[in-house]
Amino acid sequence: MSDNTSETVSSAIREVVDANHILFDQGVVDGFGHVSMRHPIKPNHFLLARSMAPALVTEADVLEFDADGAPVEAGGPAVYLERFIHSEIYRIRPDVVAVVHSHSPAVVPFSVVSGTKLRPICHMCGFLGAAAPVFEIRDFAGSGSDLLIRDAHLGAALAQSLGQSAAVLMRGHGSTVVGNTIRQAVFRAVYTEVGARLQSEAMRLGPVTYLTEEEAEATTTTNNTQIDRAWLLWLKAARNRAMAT
Ligand SMILES: [Zn+2]
């Protein structure tokens, strides 16, 4: 690799590490969940940590995976079972540069109720569009699965359910959020959790007025210019907290 290429890859790996730490500090992931980034030089490959708690990920833990979700270096450390979420979304969404999968708690209720969808109720959540689709794994894995996206077949079904959306809920499991940068994917993952919490609270108070699809689009356009503001704050908070423990 030339110096430039290797610096590009190193800086992508650093962003993946920072994303892991931010997502933990913001309460999106706990011991579980993962975030990946499309490889900056080999666009059908992606970067994802080995199987471990996101808060503990270091640069040495970030591995390269191929288009089928296999680690490029065979015989390495254990990898996430659900890596096919990432590989299959990258396969059908060339616009997607980063993927966050989490079990963030306020979102899960919206994956299991009928008649209520996760929709944008405030400007920060405009990326949810009309409503987040819900993936029903039972349609593909039967009624006895462990709900995990364990293979490429299930990953492809999830990717189809995501379609062109920014977020897809996974029934009884969690959600997966995508972005055209890793910072945008992290921003959306944080605000998917915030939006779910706000929507639950609003619904307890009375009928909810949601953003129109036009408002959702306009707010997304505005927010897309502000992502670094949140990222830099969240990164500082995550580093401060890590140093304090
Ligand atoms: Zn999961």
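The four donor atoms around the zinc ion subtend angles of 92 to 145 degrees, and the arrangement is therefore irregular; four donors count as tetrahedral if all angles lie between 85 and 135 degrees, four count as square planar and six as octahedral if opposite donors are over 155 degrees apart and all others between 65 and 115, and anything else is irregular. This is a predicted model, in which local features need pLDDT of at least 70 and side-chain atom pairs count only at pLDDT 80 or more, while totals for chains, interfaces and linings use all residues. Residues are numbered from 1 along each chain as its sequence is written, and side-chain values use heavy atoms, with hydrogens and water left out.

**The zinc site**

- The protein donors are E82 (OE), H101 (NE2), H103 (NE2) and H173 (NE2), which lie 2.0 to 2.2 Å from the zinc ion; donors are N, O and S atoms within 2.8 Å of the metal (3.2 Å for Na, K and Ca), and as water is not among the atoms, sites may look incomplete.
- Along the sequence, the spacing of these donor residues is E-x18-H-x1-H-x69-H.
- H103 lies in the loop between β4 (98-102) and α3 (108-112), and H173 in the loop between β6 (167-170) and β7 (174-179), so the pair ties together parts that are 70 residues apart in sequence; helices (H or I, at least four residues) and strands (E, at least two) are DSSP runs, numbered from the N terminus.
- H103 is partly exposed, with a relative accessible area of 30%, whereas H173 is buried at 9%; buried means under 20% relative accessible area, exposed over 50%, and partly exposed in between (1.4 Å probe, protein chains only).

**The sheet**

- Seven strands form an open sheet in the order β3-β2-β1-β4-β7-β6-β5, with mixed pairing; two strands pair if DSSP finds at least two bridges between them.
- The edge strands of this sheet are β3 and β5 (134-135), each of which pairs on one side only.
- Strand β1 (residues 34-38) and β2 pair in the antiparallel sense over three bridges, and M37 stands opposite L47 in β2.
- Strand β2 (residues 46-49) is joined to β3 by four bridges, and the two run antiparallel; F46 has F65 as its bridge partner in β3, and A49 stands opposite V62.

**Helix α2**

- Helix α2 (residues 84-92) is mostly covered, with seven of its nine residues buried, and these are F84, I85, H86, S87, E88, I89 and Y90.
- The cover over the buried residues of α2 includes β1, β2, β4, α5, β6 and β7.

**The largest pocket**

- The largest pocket has a volume of about 330 Å³; on a 1 Å grid over the protein atoms alone, a pocket is an open set of points where a 1.4 Å probe fits, with protein on both sides within 12 Å along at least five of seven lines, and lining residues have an atom within 4 Å of a point.
- Of the 21 residues that line this pocket, the closest to its centre are F127, Q164, A166, R188 and T220.
- The elements that give two or more residues to the lining are β7, α6 (182-205) and α7 (213-223), and the largest share, five residues, comes from α7.

**Individual residues**

- N20 is found in helix α1 (residues 3-25) and counts as buried at 1% relative accessibility.
- Leaving aside its neighbours within four places in sequence, N20 is in contact with V29, V35, P54 and V57, where contact means heavy atoms within 4.5 Å.
- S165 lies in the loop between α5 (152-162) and β6, and at 24% relative accessibility S165 counts as partly exposed.
- With neighbours within four places in sequence left aside, S165 is in contact with R93, P133 and V178.
- S165 and E15 are 150 residues apart in sequence and 23 Å apart in space, C-alpha to C-alpha.
- L147, placed in the loop between α4 (138-141) and α5, has a positive phi of about 75 degrees although it is not a glycine.

Terms used:
Points joined across faces, edges and corners; volume = space filled by probe spheres on them.
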